[in-house]
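Look at the structure below before reading on.

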Amino acid sequence: MSKLTKLTLAFLLSITCITLRAQQVNPGSVKGLVRDTAQNYVLKSATISVYKAADSTLLSYQVTNNYGEFNFKNLPVNLPLRLDVSHVGYMTSRKQFTIPADKNKIDLQTIIATKRDVMLNDVVISVPPISMNGDTLEFNAAAFKLDSNAVVEDLLRMIPNITLWGDGKITVNGKEVKNLLVNGKSFFGGDMKLATQNLAKNSVQKIQVYNTSRNQGSASRVDSTLEMNIKLKKGKDIGFFGKIGFGYGTNNRFETDGSINMFTPKMQLAVVGAINNINKIADNTGDLMSNSTFKGVGTNVEYQPDFRAEGISRPSALGANFSYNFIEKPTYELKSTLKSNYFLQDRNTDYLSDFKTTTSVNSTDKVIEKNQTINESSNTTQKFDSYYEYAKKGHNLEFFQEVKFDRGENNNQTFRSSTNVEDVLTSTNNSLNTSNNYNKSFRFSGQYQYSPYIITPKTRFRGFNAEYSLNTYNNESERLNITEFKSFTGTASNQKFNRKYNTSSDGLRQEFNLTIPDVKRLIFGSKNYSRLNFNLTNKLVLNSDKNINRVQDLDTLTNVYKTNAYLDNQIRTNLIEETPGLKIEKSFQKSLSNRYYKSFTIRFHPKQLLISQDNKSDRSFQNLKRNYSRFAPDAGLSFYNHQYGETSRSYDLSYSTKINIPNINQMAPLTDSTNLYYLQRGNVNLKEGVQRELSFRFDSNDQRSKNTLNYYVGINAGLIANNIVDSLLIDEQNRRTVYLVNANGHKYINGYGNIRKAYKLKSSELQLSLSSNFNANKNPGYTNSVFTFSTNLNTYTNVNINYTYKSYLAVAFGQSYNTSHSKQEAFNTEYSGTNMGTTLSSSYNVTKRFTLNSNVTFNKNSSSIADDINFTIWNASAVYRFLKGNNAEFKFSALDLLHQNTSVINYGNANSFTIGTQNVLKQYFMATISYYPRQFGKKGKDKK
Amino acid sequence: MLKFALCSLITCILSYGQIMGQASKVDSSQMTTLRIDPLAARGAAVSQFFDEVTFTPLETTKESLFGAIQQLKMTDEHYVVYDGETKAVLIFTKAGKYVAKINASKFEKDPDVKDQSFYGFNIVKEDDKQTIQIRAGKQVYYFDFSGKLIKKVPVPKEKNYTNYKKFSDGTVIDQNFLEKDEKDSTYYYLSLIKDNKRVESYFSYKTEDRKGDDRWHGGRVYDYGNPDEFLFIKNYQYNIYKLTSSKLSLAYQIFFPAANSLPMDYGTNPVYKGKAFDYYEKNRDAFYEMTNSYLHFNNLYFQVRNFNWSRDEKKAFIYNLKTTELTSIADIEPDSISQFLPVTDLASQYDFTNKGFLIVNPEYFYTSYSSLTMFTAKEQNEEKNRKYDAVLTQFFKTQNKKSNPVIIKLKPKKN
């Protein structure tokens, strides 16, 4: 298979090379100047578009410079071309020309632009593809000739300055679009793909791109973000789109889904549902919606079922999404929006696994545990949330609420056996667990922010920010556990349990946050006592939890369940956390006109953490009261450097302190002896762990307009003093008893980086992205009373190359390389492993309606203690679209063609390493038929 | 609506009476009405307006690096520049060679004064010698043109009009004259003072009138190189006044198309109080300010401002009083006179938009723009084989986009 992969790759690369070379074949250039001769001036920023005269295909466009000039390169010679000049307030000037092959260039000299007279209103006005309207860059949909079934995404792909990334991000001149709006409002929850893959290109008037800096005149746009707005044509701001699909395949595999999305200028409503048994799992309404979109006829690397997921799931889901804008055209100063979501998921999962874990007991001995698990579970989750936002001149109010119900059943059988290094059986532990649970939770949060709309130097009160949140929950569960432990060596006795649990827990958590900025001004007015800026902060958390555990054991003599006097318990924990703080900031700015703008900020946020924890239990040894008080400062430095016309870079260094207090189950748990392979013991002397972290992040944004390069890197490093760690005692039967102790010396460091670059070629595009992160830590701990550090290093690296050729071919190549390495110092043991994945996906539009997709993933797992595991998953599909508007789709898919999906378990941690397999989705073939009803604008008005 | 109209009318009548009671009468007998449509503005070649264009790049060294020219004055040998970003006065030769810099480090630390920064300078004659005069803290410092401190004197306690705009006969223009009365006090936006005595006063107001008002009602006086006459523009009026040492007279009353005009009573009607920003936001085409006006023979220069940021919009003009021809300064096209480089940065940056010409006299106009603008223009000329003079050839060869700004000296045609 790898040969095939290589061959395919080589073939694709050769296509790329041919295309790259093809760029050089068009050596023609044309230049000229645009002048309004009536008023005697040149037109700056007029749009010049060059088309093929024969079929009006847009070849290139430019905006005239300050001299009113344009200069195109790479145009075809000896071919009749047409050039359109357009500018606001002017009639379109048109010129036909051919670049002679012998000279390769033509000078059109002065092109005369004529003002559009009010009297000549009925002259046909052709729309330029691009125009500048103040600070807004506008792309006019009508200027781009596309198939009548095209969607916004197809339009965006046509625009040279815009890149659509493989991961769904959109960049304009290399800068990432943070927000996508439709008619100034977020569209069905803000998922960009939902708008770009469903809205018909023909319903769009124009696409606007602008910076959302409120202060338009400010020279430095430090905090501005890029926003894209899809402006729909008049009358097209009302419509619907949806999908209904059904597929059936071998092994009784099936999938079905349906959705309907309706929108009006003020309201949006979506209802969507899906059922399948092929691990296509959506966890929220948004996911569900983005998986049932029209997607247009362009090339796409198709959404795949998850072959790597554990077990086989039969999810069914239903979601609804509603939003209402009380103000039709919301702005920053005035908006009032309500959004609601409903989501129901029912999921049945069968999971089988078989693995082996090797654990170092000391420097020479190892315990090897074999584990077989059979698990069946079913779960029903319901979620309803809503969000309301109101803003009016300086007042900003937000509310959020969420109710969640979760009902589940679980059936689990585990067979475990332990052997020693000589492969002698030492013990077995088999257990059967059945449980059901019913969880309810409610969340509410509100935020009010006030900042005066007009601020004069005399304004003392500069606003405040108040937040409140409330979480309550009620979890009920019933569980039956039957365990049998058998010992084959040593003195340990065999044990048997048949235990019933009935637990219920309730809790309430409230959090209040208040920030008052610029306290100095509030007290002293405009008198400038110091250049420091002071903000008062306060956080108050009130938390109470109640746990009732009813535990019964089967009395084997009477065959009746009797209360377990030790485990049967009720416990209540109250926690109060109060954190007053004073945030001190000082900023320095330095700028030099047209050269640079730099700003430097120092933050220091001293705060005192006061925590009181009170536990009340039926068991007197659990009646523990603890108070913690600690000075926990945060601090930071940030530096921003904007070099005009070159780069803007930001650096941020921050320091934070957190404390982790031990809970009652860590200090004084009631040890349940049914799980002999893991017995947890408490420690009332546990102290709080103190985590100190230093983070650094660096972002670089290119300010040039061509071949931009943007990237970021970050690193976090921390120390945890008195970390609560395990002291593990393992006997030769693999019985583990875990004590918790405080230990110093926990260190960690992790880093990440991302770099992406796109090359827009004439009719194709090449995207490269690289992301990488690593995680290294040194964990203290005890194993059989020997203090040891384990050091771990994990790295993840992903390289993606996407290539698209016109709208015919899309190829994505991805390479992931993950390594893990762990070492235990005291025992001198070391484990390491690598997972490599090579993915090659391609999508080829044979005709406008017929598409072939292929996706090959080659996986290679290697570890220091086992043989390499290699397998390849190849999925392929053929899609045919039919009916007018391409509204219907027939698809035939073949999944796991090579029948190789074994799904390997391969992971290591502190002092152990696990390898094995689990059941996963395997080969199947499926035929799917889908229908996509779509309509934009009212019926009847459609024709124009 | 009727109520509102009636109220406004009464207010107008009342305030009119009040003003008339104290302020001098503006002479409007020589007034000319001009009707100007910015859309009708034409372009021109540099050579149609200017005979000569000289570029003087100001030398860039580690010490002389500064932001933008906020204030420019000159002597026979020197250009003297104030830059607000580096808070410094920089002295260059007429050829652009750096001579010296004066910043806060040149002053002795005054323990009584916390902030010794300064916001401009003057060139004054002291003991028959030209000196650079800077007022900082409680002292007035005098420097020679090598940046050496000559002397310092305490700032006089009394208002002494030394640095005010003056006519050749010594009459001073006071833009914040206070008339103290027994009962209340009245301020004047424009007063003529001779020998410390008030000659005339125009545009009076009381402090309480301005409470809660987000508009600034004053005006600006423009020096166009005539020692006996200045131009004056009062905010929220499209009027250009001539100011002599004896009187203020309304010279040009300008009418713009309705979409570009503020309501006639915008500056006086209290209904607009505290709502200026909202008004401009809603009426983005309206010119909320007319500024930077100079008169050169028959050519009247002026600029307008509104809330539209588009560069296509024409906002700086030359109106020929004789031919009535309107020229857009942004559309003055570079030609061989200017070595095909722009004469202002209206098309790319904001120096000219903000400050207009830095110095205007009958012989020469001075403006400046950044090296970024210079290099951008040069890049757009790249393929055209332009020949630059020795100064610019050297500049483009040795400097870059981050070098100091360039002074552009223009010799206007006398038409």
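What follows is a short walk through this model.

This is a predicted model, in which local features need pLDDT of at least 70, side-chain atom pairs count only at pLDDT 80 or more, and totals for chains, interfaces and linings use all residues. Residues are numbered from 1 along each chain as its sequence is written, and chains are lettered from A and ligands numbered from 1 in the order in which they are written.

Chain A has 51 strands and six helices; both are DSSP runs numbered from the N terminus, helices being H or I with at least four residues and strands E with at least two. With a radius of gyration of 33 Å, close to the 30 Å from the globule rule for 944 residues, chain A is as compact as a globular protein of that length. The radius is taken over C-alpha atoms, and the rule is 2.2 Å times the number of residues to the power 0.38. The C-alpha trace of chain A spans about 105 × 75 × 55 Å along its principal axes.

In chain B, strands S4-S5-S6-S7 form, in that order, an open antiparallel sheet; two strands pair if DSSP finds at least two bridges between them. S4 (71-74) and S7 (98-102) of chain B each have a single partner strand, so one side of each is left without a neighbour in the sheet. Strand S6 (residues 88-93) of chain B pairs with S7(B) over four bridges. Phe92(B) has Tyr98(B) in S7(B) as its bridge partner.

The contact between the chains takes 20 residues from chain A and 24 residues from chain B, where two residues are in contact if their C-beta atoms, placed from the backbone, lie within 7 Å. On the chain B side, strand S2 (42-45), strand S23 (326-333) and helix H5 (371-380) each supply at least two residues.
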